[in-house]
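Please read the report below alongside the sequence and the model.

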Amino acid sequence: MAKRLAITIAGAVSLGSYEAGVLYELMRAIRTYNEAAPSDDQKLYVDVVTGASAGGMTAAMVSQRLMYDAASLEGEFTNSLYQAWVERISLMGLVKMRWSEKKWHSLFSSDLVNSIGQDMLVSSMQREGSGPHAAVEQINGVPQTLRIGLALTNLNGIDYMIPILGSDEGGFNYTRSVDQKLFEISADGKTNATQWKQICDAAVASGAFPVAFCPKAIQRTVDEFGDRLPADKHLWAQGKIYVDWTGPSPAEFAFSDGGVLQNQPLGIAKNLVDAAVADREARLGPAALCDGSDRLYVFITPHSVKSTAQHLRRLPGTPLKVSDSRSS
């Protein structure tokens, strides 16, 4: 059975250009490998791509080209990732604010990033593509679904409530700012202009580093976050987490850099892998279950990956504190 690959691209600010270069070489290697494979069962297919911050924009761009325009990922100095990260972007272009931008809103030009996203993710869909990449599985000539996950930071936050039945206070309430936007792109998605505008907005928002770039306003629906808290208390279920959404749906929220709270969105990738396995199981039966364990994950980051937890040593004779990670 063919192996499947989930790719996660971390946030990296300007080192997103480094990540794009790594991704270019990875796609070239997979294409070469698949073209030489003696059978489909020995090929390697990409079915999940996630990203945060700079990696979010790269994840969106490479996903579109994997599905619709493989040729645009070819050529060291002509591929789309090089065009976006080297040819189109520049420090001079970022510090030159356009007439429509208020200088006290951000340090750099958000319009420049928006225009790159518009050209690379929206206008590009109006051009004739060269077809799917060898890294995308095809069944009877039809490219299979590619799942995208983009990490976001929700500046407004989403309110949740866990009911405490019998309490006049209602329950335990909390606000969550860790957010993400999930997409499924398929062969017929080339004609879905609305979806690609949403992907573009989410990708730009994922890279909107605080202060450097303006937050991005995006509409969201309550369905994306879970079940709305019923107005009738008799319908509350003990232990269930509800979205405490009292206003209209959809509603507009402000988003900034997804890398602030989840710079390594491997969890998003794992959730999307679970969804992909469930989808294949429904079509293929138990034969698809091995995909969950016998698969590959590639994590692209320019930095070493290590824990940020502080392990403090306890002095002999001092009482053990909750923050201590181990005894002396």
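## Confidence of the model

This is a predicted model, and its protein chain has an average pLDDT of 86, with 87% of the residues scoring at least 70. Over residues 322–328, by contrast, pLDDT stays under 50, and the model has nine contacts for this stretch beyond four places in sequence.

## Overall make-up

Seven helices and ten strands make up the secondary structure of the protein chain. The chain has 328 residues, of which 44% count as buried, and it exposes about 17200 Å², with carbon and sulfur atoms supplying 55% of that area.

Among the contacts in the protein chain with a separation of 6 or more, 73% are accounted for by residues 24 or more positions apart.

## Helix H6

Helix H6 runs over residues 193–206, and its 14 residues reach 20 Å from the first C-alpha to the last, close to the 20 Å expected at 1.5 Å a residue.

The helix is mostly covered, since ten of its 14 residues are buried; these include Gln195, Trp196 and Ile199, as well as the run from Cys200 through Asp201, Ala202, Ala203, Val204 and Ala205 to Ser206.

## Cysteines

Cys200, one of the buried residues of H6, has a relative accessible area of 4%, and it therefore falls under the 20% cut-off for a buried residue. The structure holds zero disulfides.

Notes:
Residues numbered from 1 in each chain as written. Predicted model: local features only at pLDDT ≥ 70, side-chain atom pairs only at ≥ 80, totals over all residues. Heavy atoms only, no water. Helix = DSSP H or I, 4+ residues; strand = E, 2+ residues; numbered from the N terminus. Expected span 1.5 Å × (residues − 1). Buried < 20%, exposed > 50% of the residue type's maximum accessible area, 1.4 Å probe, protein only. Contact = heavy atoms within 4.5 Å. Areas by Shrake-Rupley, 256 points an atom, 1.4 Å probe, with all protein chains shown as cover. pLDDT = per-residue confidence, 0-100. Disulfide = S-S within 2.5 Å.
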